[in-house]
Amino acid sequence: MLMHNPPHPGMVIKELCLEPLGLSVTDAAKALSLDRKMLSCVIKGKIGVTPEMAVRLSIAFNTSSESWLNQQIKHDLWHAE
């Protein structure tokens, strides 16, 4: 059974990763070697987490890349259904 309206992984990045560490989008993008605009679009839920980005997030925040991709899949599937 799917969670009711699972959060976009961008919200998780913002609320559980960036805010507790006091990181700005610009600082986080630099640390992740990502374009600031791309990270901003993910955080706003405009684009999804890619496999490459999932790997970068997993390294930076000591998580698994699978967890980021699973969040994205659950979000996308809920909206598709």
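**Helix α4 and its surroundings**

Mentor: The buried residues of α4 pack against α1 (9-21), α2 (25-32), α3 (36-43) and α5 (65-80), where contact means heavy atoms within 4.5 Å. This is a predicted model, in which local features need pLDDT of at least 70, side-chain atom pairs count only at pLDDT 80 or more, and totals for chains, interfaces and linings use all residues. Residues are numbered from 1 along each chain as its sequence is written, and side-chain values use heavy atoms, with hydrogens and water left out.

Trainee: What makes a stretch count as a helix here?

Mentor: Helices are DSSP runs of H or I with at least four residues, strands are runs of E with at least two, and numbering starts at the N terminus. Helix α4 spans residues 51-61.

Trainee: Which residues of α4 are buried, and how do you know on which side of α4 they are?

Mentor: M53, A54, L57, S58 and F61 are buried; the term means under 20% relative accessible area, with exposed over 50% and partly exposed in between (1.4 Å probe, protein chains only). They cover an arc of only 140 degrees around the axis, so they are on the same side of α4. The arc is taken from the directions from the helix axis to the C-beta atoms. E52 and I59 are exposed, on the face turned away from the buried side.

Trainee: Why is α4 called oblique to α5?

Mentor: Their axes come within 7 Å and cross at roughly 130 degrees. That makes α4 oblique to α5, because angles under 35 degrees count as roughly parallel, over 145 as roughly antiparallel, 65 to 115 as roughly perpendicular, and the rest as oblique. Axes are lines fitted to C-alpha atoms, for helices over the stretch in contact, and angles run from 0 to 180 degrees between N-to-C directions.

Trainee: Which residues make the contact between α4 and α5?

Mentor: P51, A54, V55, L57 and S58 in α4 meet S65, W68 and L69 in α5. The residues of this contact divide into 6 nonpolar, 2 polar and no charged. Ala, Val, Leu, Ile, Met, Phe, Trp, Tyr, Cys and Pro count as nonpolar, Asp, Glu, Lys and Arg as charged, and the others, Gly among them, as polar.

Trainee: Why is N62 called exposed?

Mentor: N62 has a relative accessible area of 74%, and exposed means over 50%, so the term applies. N62 lies in the loop between α4 and α5, and its phi is positive, near 55 degrees, in a residue other than glycine.
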